[in-house]
Structures are given as C-alpha cells and as structure tokens.
Amino acid sequence: MGTSNVSREEFEQLKANLDSFFLVVNGMLILLMQCGFAFLEAGSVRSKNSTNILIKNLFDSFVAGVAYWLFGYAFAFGDGNLFIGYTYFASAGMPGVKYAEFFFQYVFAATAATIVSGALAERVEFVAYFVYSFIITGETT
C-alpha cells in the first residue's frame with residue numbers, strides 16, 4: 001500500500017478540473033433538452049408549421065449563444081457593482097477557468113428563451129421572435 005504524495009496545489013487543480021467537467025457535462029444535458037422542446041412544440045402545432053417550429057428552435061440556440069456571449073454573461077457575472085456587471089463583454093478578458101461556467105449559464109438562458117417559444121408558436125413572426133430571443137438571452141441573469 002503506497003501513500004499518495006499529492007500536493008495541495010495538485011489537489012486544487014484536480015478540483016477545478018472536476019468542477020469544469022461537471023459544468024460541461026450537465027450543460028450538454030441541458031442543451032439536449034432543446035430537442036425535447038422542439039419536438040413538443042412541433043407536435044402541438046399544425047403540421048404545416050412544424051418545419052417552421054423546428055427551424056426556429058435550431059436558430060434560437062444560435063441567437064441565444066450570440067446574445068449571451070456579447071451581453072448576457074457580462075451583465076450577469078461580470079465584475080461590476082451589485083446590480084450589473086460591466087466586464088467580460090464578448091469574453092474579453094475572461095479567465096479560461098470561467099468558460100465552463102459560461103457554457104452552463106448559456107444553455108440555461110437558451111432554454112429560457114425556448115420555453116417561451118412554445119407559448120408563442122404560430123402567433124409571432126419569425127423575425128419578431130428572434131428579436132425577442134436576442135433581448136431575453138442578452139439580459140438573462
């Protein structure tokens with residue numbers, strides 16, 4: 001039976017890596033919820049609109065990603081005052097250890113926008129929905 005000579009620094013690095021792994025894996029699971037929302041919405045609209053719903057859900061993840069990358073993460077988690085952050089816009093100056101947290105928070109913001117799209121199915125035009133999606137994910141905290 002050998003003894004482990006793991007230093008405190010190595011242990012902290014392992015802990016940080018496991019935290020990042022946990023965030024990325026669970027973020028992927030949440031991202032896969034988008035498929036379920038898309039199929040649920042496609043099943044609840046008229047068949048002629050199901051393609052529109054599926055495309056809207058696909059583009060919703062893209063629009064949410066751009067909006068959250070540009071503004072959302074910075075407003076929610078950037079260094080600033082107690083009300084709003086004003087650093088990390090478009091990931092500028094963001095430390096590498098925060099990228100997993102960014103991904104995890106992004107998928108929640110995208111999911112929030114997609115849930116609302118089910119209520120707006122067949123009621124809102126394509127461009128108007130993406131303006132809404134950009135705004136809600138750019139300001140989600």
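The model is predicted, and the values below are computed from it. The protein contains 4 helices and 0 strands, which read along the sequence as the pattern α-α-α-α. Its radius of gyration is 19 Å, well over the 14 Å that the globule rule gives for 141 residues, so the protein is more spread out than a compact globule.

**Overall shape and packing**

- Taken along the principal axes, the C-alpha atoms of the protein fill a box of roughly 65 × 40 × 20 Å.
- Of the 141 residues of the protein, 32% count as buried.

**Regions taken from UniProt**

- An unreviewed UniProt entry places the feature "domain: Ammonium transporter AmtB-like" at residues 22–138; in the model this stretch is 72% helix and 0% strand, with its end C-alpha atoms 24 Å apart.
- For "transmembrane region", the unreviewed UniProt entry lists residues 20–40, 61–83 and 103–121.
- Over residues 20–40 the chain is 100% helix and 0% strand, and the end C-alpha atoms of this stretch lie 31 Å apart.
- Residues 103–121 are 89% helix and 0% strand in the model, and here the end C-alpha atoms are 27 Å apart.

- The buried residues of H3 are Ala100, Phe102, Phe104, Tyr106, Val107, Ala109, Ala110, Thr111, Ala113, Thr114 and Ser117, and what covers them includes helix H1 (8–43), helix H2 (50–77) and helix H4 (126–138).
- Val107, one of these buried residues, is in contact with Gly27, Ile30 and Leu31 when its neighbours within four places in sequence are left aside.

**The largest nonpolar core**

- The largest nonpolar core has 12 residues in all, namely Ile30, Ala64, Tyr68, Tyr73, Tyr88, Met94, Phe102, Phe104, Tyr106, Val107, Ala109 and Ala110.
- The elements that give two or more residues to this core are H2 and H3, and the largest share, 6 residues, comes from H3.

- Thr137 lies in helix H4 and counts as buried, because its relative accessibility is 0%, where the cut-off for buried is under 20%.
- Not counting residues up to four places away in sequence, Thr137 touches Val63, Ala64, Ala67, Tyr68, Gly72, Ala109, Ala110 and Ala113; among these partners, Ala64, Tyr68, Ala109 and Ala110 also belong to the largest nonpolar core.
- Cys35 is found in helix H1 and is partly exposed, with a relative accessible area of 39%.
- Cys35 and Leu54 are 19 residues apart in sequence, and their C-alpha atoms are 9.0 Å apart in space.

**Salt bridges**

- The structure holds 2 salt bridges.
- One of them joins Arg8 to Glu12, with the closest N and O atoms 3.6 Å apart; both residues lie in helix H1, 4 residues apart, which is about one turn of the helix.
- An α-helix has 3.6 residues a turn, so residues three or four places apart point the same way.
- Within this pair, Arg8 is exposed, with a relative accessible area of 61%, whereas Glu12 counts as partly exposed at 34% relative accessibility.
- In another salt bridge, the side chains of Glu122 and Arg46 meet at 3.2 Å, N to O. Glu122 lies in the loop between H3 and H4 and Arg46 in the loop between H1 and H2, so the pair ties together parts that are 76 residues apart in sequence.
- Glu122 is partly exposed, with a relative accessible area of 38%, and Arg46 likewise counts as partly exposed, at 49% relative accessibility.

Definitions and conventions: Residues numbered from 1 in each chain as written. Predicted model: local features only at pLDDT ≥ 70, side-chain atom pairs only at ≥ 80, totals over all residues. Heavy atoms only, no water. Buried < 20%, exposed > 50% of the residue type's maximum accessible area, 1.4 Å probe, protein only. Contact = heavy atoms within 4.5 Å. UniProt positions renumbered as here; feature names shortened; annotations may be inferred. Salt bridge = Lys/Arg side-chain N within 4 Å of Asp/Glu carboxyl O. Core = buried A, V, L, I, M, F, W, Y, C linked by side-chain atoms within 4.5 Å. Rg over C-alpha atoms; globule rule 2.2 N^0.38 Å.
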